[in-house]
Amino acid sequence: MRYTLRVWRQSGPSSRGQLVEYTVDDISADMSFLEMLDVLNERLLLEGESPVAFDHDCREGICGACGVMIDGVAHGPERATTTCQLHMRHFDPAKPIVVEPWRAAPFPVVRDLVVDRSALDRVIEAGGYISAPTGAAPDAHAVPVPKPVADTAFEAAACIGCGACVAACPNGSSMLFTAAKVTHLGVLPQGQPERHARAADMLRAQDDLGFGGCTLTGECTAVCPKGIPLETISRLNHDVLAAAMMGQ
Amino acid sequence: MAGRLWASTVGKKAVMAVTGGVLLLYVVAHMAGNLKVFAGRESIDGYGVFLREFLAPVLGYGGLVWVIRAVLSLSVILHMTAAVQLARRAKRARPVSYATRPKVNGSYAARTMRWGGVIVALFVVYHVLDLTAGVLNPHGVEGEIHANVVADFQHWYVVLAYTVAVVALGFHLRHGIWSALRSLGLGSARRAAAVKTAALVVSVAITVGFLSVPYAVLFGLVSDQ
Ligand code: HEM
Ligand code: FES
């Protein structure tokens with residue numbers, strides 16, 4: 001199959017970018033979106049042009065490195081799917097596909113489709129951890145965790161930090177990401193000591209980094225490759241407000 | 001604590017949720033009070049006097065009305081200030097927009113909160129000049145509530161203005177009620193569907209209740225005779 005792409009090309013952080021049209025041939029329905037970009041890049045290299053830069057690593061939907069805006073939807077049209085797991089059979093060869101980088105002030109474009117997402121690391125540093133005594137690993141059963149609590153924590157812990165929530169949010173907010181971390185750690189017994197301070201500190205870091213505020217539009221959950229539920233945000237709000245009440 | 005809260009995006013949303021809740025309570029009471037129009041001139045005009053006489057020994061004649069106005073004004077100012085600040089922050093957070101953006105997944109109500117709020121705010125100004133101050137009312141006599149209302153809704157354009165505003169308010173409340181509970185950390189996955197339905201029912205009830213008066217007058221079900 002042959003596809004037409006309109007890809008964002010930008011040579012560096014401070015250069016001006018633009019959408020450039022390409023056609024790619026020999027695309028099979030079973031290729032992933034990234035494999036399709038690989039085919040394009042091989043051709044560009046043979047022609048002496050610079051390949052389209054994009055982030056990727058595991059290509060099995062678990063690392064969170066990949067992620068582009070495809071026709072205005074983060075990670076493309078399939079729900080709960082990363083760009084690397086998205087197959088070309090979902091695209092109509094007759095329609096050009098627009099490919100853009102994540103757009104948010106805290107995610108500056110590095111080159112083409114690659115953005116710098118280290119702002120999310122700054123949010124993690126502000127509180128995405130628990131304090132535990134070092135030494136021998138504790139017994140796996142030493143701290144009992146009720147099954148529903150473990151399930152809630154696990155559901156939130158599935159966040160791979162890809163940044164799709166920020167890209168999709170009309171407010172450019174990283175709320176779903178932060179809320180996933182706050183939920184993952186905040187519902188478990190091991191996360192209790194820092195629970196409220198964690199929520200307050202991570203939110204403050206997010207605000208300070210220039211992310212927008214959440215208005216609960218639900219755009220984030222809709223594109224999240226791991227389907228992190230919107231309820232995590234309610235939990236974050238709860239813990240932040242509780243922290244304020246307790247003067248933290 | 002208050003300053004700290006106001007400094008954070010979550011704190012501003014909490015302020016919006018609480019002030020929005022105050023406004024919601026007022027709107028429900030106001031809508032219910034309006035229905036007295038159907039009980040006749042004495043009923044609605046008497047209700048106006050009753051509100052002014054209520055607690056008059058303590059607050060003076062009309063004192064309660066002024067207390068309510070103060071609370072509402074404070075709520076609207078806080079609500080709007082937070083909304084404007086959050087909208088500005090959102091704009092700064094996405095300086096470059098996308099080339100294509102299909103119809104987003106969220107609800108129409110969620111997407112129109114900002115412009116819907118502006119419509120409601122402009123309407124409130126017009127509404128106060130119309131039925132409170134009377135300067136924009138075709139009859140405009142203080143205390144003659146029934147006559148003022150009937151004079152208003154003889155005109156299709158007045159009915160249209162009220163319809164646009166009340167429908168906008170209905171959409172605003174549908175997302176607002178649901179969103180407010182989450183902003184206060186009271187949302188849960190288990191209750192999400194029930195809360196969404198309740199928000200819809202309340203919003204539709206308020207919209208229909210408010211619109212019943214203008215349309216009853218327009219179609220002659222309520223008149224001066
Ligand atoms: C005066 C002009 C107004 C403006 C500019 C305005 C704007 C907004 C905005 C931008 C939101 C954000 C909600 C979101 O996106 O999640 C909001 C929420 C809300 N509004 Fe308004 N609004 C106005 C008037 C009103 C009125 C008259 C009422 C009540 C009758 C009201 C009730 C609410 C409620 C309950 C919320 C939910 C708060 C939350 O999201 O936590 N608003 N409003
Ligand atoms: S490359 Fe790892 S999630 Fe897509």
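Which residues touch the most other members of the largest nonpolar core?

**View 1. The largest nonpolar core of a predicted model.** Ala74(A), Trp102(A), Phe107(A), Ile233(A) and Leu236(A) touch the most other members of this 58-residue core. Domain 1 (3–111) and domain 2 (117–245) of chain A both supply residues, so the core lies between them. The bounds come from an automatic or database domain assignment. A nonpolar core is a set of buried Ala, Val, Leu, Ile, Met, Phe, Trp, Tyr and Cys residues joined through side-chain atoms within 4.5 Å. Buried means under 20% relative accessible area, exposed over 50%, partly exposed in between (1.4 Å probe, protein chains only).

**View 2. The iron atom of ligand 1.** Its protein donors are His79(B) (NE2) and His172(B) (NE2), lying 2.1 Å from the iron. Donors are N, O and S atoms within 2.8 Å of the metal (3.2 Å for Na, K and Ca); water is not among the atoms, so sites may look incomplete. Both His79(B) and His172(B) are buried.

**View 3. Aromatic rings in chain B.** Phe153(B) and Tyr162(B) pair edge-to-face, 5.0 Å centre to centre with 90° between the planes. Rings of Phe, Tyr and Trp (its six-membered ring) pair if their centres lie within 6.5 Å; planes under 30 degrees apart count as stacked, over 60 as edge-to-face and the rest as tilted. Phe153(B) and Tyr162(B) are both buried. Trp156(B), at 60% relative accessibility, counts as exposed.

**Notes.** Residues are numbered from 1 along each chain as its sequence is written, chains are lettered from A and ligands numbered from 1 in the order written. Local features need pLDDT of at least 70, side-chain atom pairs count only at pLDDT 80 or more, and totals for chains, interfaces and linings use all residues, while side-chain values use heavy atoms, without hydrogens and water.
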